[in-house]
Amino acid sequence: MKPYVKQTIENEVAYIEFYHPAHNSLPGDVLAELAQTITAAGENKDVKVIVLKSGGDRTFCAGASFNELININDEATGKVFFSGFANVINAMRKCPKFIIGRIQGKTVGGGVGLAAATDYCMATKFAAIKLSELNIGIGPFVVGPAIERKMGVSAMSQIAIDANSFYPAEWAQQKGLFTQVYDTVEELDEAVKATANHLCTFNPEAMIEMKKIFWSGTDNWDNLLAERAATSGRLVLSEFTKEKLKGFE
């Protein structure tokens, strides 16, 4: 299957789904389309709630595209590359509607940032998380603020430093990333649909005001995440990282 971003609207709920055959690792064009789709859904008067999901069974998102990462040869290109997830996170932050995360499987790096940027995140027991960036000589700089905001500095530091380990969904729930963890994808989908439909019965104006409160103190994220993207873009050109990336060619 080819990569895609698609949206379906059912009962005032916009289901936004992304997919890439490489374990849902996302190249720049898919990330740009995802950010645009989220922004458009936020402006759509026929939508009250958004669900963010991915295609496939056992991987929600494997982070950024390694194929693109390997081919970065200058800082400007690096900043643009790492701005991909920054733009999606900022689109989610600015979206005036609640975004429910549907995390059906493992999620790595930027994928953890997407989960953290949802307003209400639900998962299966297969949804282990990992921040692997330190393994290749960079760090989770762009997604860090979203993860820190949701899970706290301690939990974010732990998974960022322990870059080899997957942490189970139950641990992520204990740390505040996931609200509920389900045994099967079917149970997850039923719960996501029920939650989204129930939220549609609430006052949209009240939800807009609540979202402003939830995200208060993040008005500087346009600049902050751009600065973080520049840091990653610089480090990816380091001798250490270039040597590490040779193993993925």
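A residue counts as buried under 20% relative accessible area, as exposed over 50% and as partly exposed in between, with a 1.4 Å probe and protein chains only. By that rule Phe-81 is buried, with a relative accessible area of 11%. The structure is a predicted model, in which local features need pLDDT of at least 70 and side-chain atom pairs count only at pLDDT 80 or more, while totals for chains, interfaces and linings use all residues. Residues are numbered from 1 along each chain as its sequence is written, and side-chain values use heavy atoms, with hydrogens and water left out.

**Aromatic pairs**

- The whole structure contains six aromatic pairs; rings of Phe, Tyr and Trp (its six-membered ring) pair if their centres lie within 6.5 Å, and planes under 30 degrees apart count as stacked, over 60 as edge-to-face and the rest as tilted.
- Tyr-4 and Tyr-19 form a stacked pair, at 5.4 Å centre to centre and 25 degrees between the planes.
- This pair links distant parts of the chain, 15 residues apart, with Tyr-4 in strand S1 (residues 4–10) and Tyr-19 in strand S2 (residues 13–19); helices (H or I, at least four residues) and strands (E, at least two) are DSSP runs numbered from the N terminus.
- Both Tyr-4 and Tyr-19 are buried.
- Phe-81 and Phe-82 are edge-to-face because their ring centres are 4.9 Å apart and their planes stand at 85 degrees.
- Phe-82 is also buried, at 11% relative accessibility.

**Charges over rings**

- The charged end of Arg-58 sits over the ring of Phe-126, 3.7 Å from its centre (NZ of Lys or CZ of Arg within 6 Å of the ring centre and within 35 degrees of the ring normal).
- The charged end of Arg-149 sits over the ring of Trp-215, 3.5 Å from its centre.

**Pockets**

- A pocket is an open set of points on a 1 Å grid over the protein atoms alone, where a 1.4 Å probe fits, with protein on both sides within 12 Å along at least five of seven lines; lining residues have an atom within 4 Å of a point.
- The largest pocket holds about 460 Å³ of space, a volume being the space filled by probe spheres set on the points.
- Its lining has 26 residues, with Ala-64, Phe-66, Gly-109, Ser-132 and Glu-133 nearest the centre.
- Helix H3 gives the most to the lining of the largest pocket, three residues.
- The second largest pocket holds about 160 Å³ of space, and its lining includes Glu-12, Lys-45 and Phe-98.
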